[in-house]
Amino acid sequence: MSLIENERTKLLATALNNVAVATVATALIAPTASFLYTEGRSAFQIWRFGLAAVWFAGGLCLDLFAHIVLGRLKP
């Protein structure tokens with residue numbers, strides 16, 4: 001693998017990791033703010049936390065994929 005291909009691989013892994021961090025942060029911040037700033041505690045609020053768990057898992061999967069991409073680096 002050439003130096004250019006290694007750099008492109010690192011760039012892809014960085015982009016995936018950045019999307020993963022943004023996804024996890026959104027999955028944690030949005031439902032928490034929604035829960036704190038709404039008066040009614042309904043079943044819909046619980047549904048939001050379930051959906052946030054799905055987004056959190058998606059962010060973790062993106063981070064895992066970034067690690068797999070970095071595994072393609074060659075000396």
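Predicted model: local features only at pLDDT ≥ 70, side-chain atom pairs only at ≥ 80, totals over all residues.

F49 is found in helix α2. Leaving aside neighbours within four places in sequence, F49 is in contact with P31, T32 and F35. As for P31, 18 residues separate it from F49 in sequence, while the two C-alpha atoms are 6.1 Å apart in space. P31 is also among the buried residues of α1.

The protein chain has two helices and zero strands. Helix α1 covers residues 3–37, and α2 covers 43–70. With its 35 residues, α1 reaches 50 Å from its first C-alpha to its last, close to the expected 51 Å.

How much of the chain is buried? Of the 75 residues, 20% are buried. Those in α1 include N6, T9, A13, L16, A20, T23, V24 and A27. Turning to contacts between residues at least 6 apart in sequence, 76% of them join residues at least 24 apart.

I come next to the surface. The protein chain exposes about 5600 Å², and carbon and sulfur atoms supply 74% of that area. On this surface, L28, I29, F56 and L60 form a nonpolar patch, with about 370 Å² of accessible area together. Helices α1 and α2 each give two or more residues to the nonpolar patch. I29, which is found in helix α1, has a relative accessibility of 57%; it counts as exposed because that value is over 50%.

Finally, the charged side chains. How many salt bridges does a search of the whole structure find? The search finds one. In it, E7 pairs with K10, and their closest N and O atoms are 2.9 Å apart. Both residues lie in helix α1, three residues apart, or about one turn of the helix. An α-helix has 3.6 residues a turn, so residues three or four places apart point the same way. E7, at 41% relative accessibility, counts as partly exposed, and K10 is likewise partly exposed, at 37%.

That concludes my presentation, and I thank you for your attention.

Note on methods: Residues numbered from 1 in each chain as written. Heavy atoms only, no water. Salt bridge = Lys/Arg side-chain N within 4 Å of Asp/Glu carboxyl O. Helix = DSSP H or I, 4+ residues; strand = E, 2+ residues; numbered from the N terminus. Buried < 20%, exposed > 50% of the residue type's maximum accessible area, 1.4 Å probe, protein only. Patch = residues over 30% accessible without salt bridge, like charges linked within 9 Å, V, L, I, M, F, W, Y side chains within 5 Å. Areas by Shrake-Rupley, 256 points an atom, 1.4 Å probe, with all protein chains shown as cover. Expected span 1.5 Å × (residues − 1). Contact = heavy atoms within 4.5 Å.
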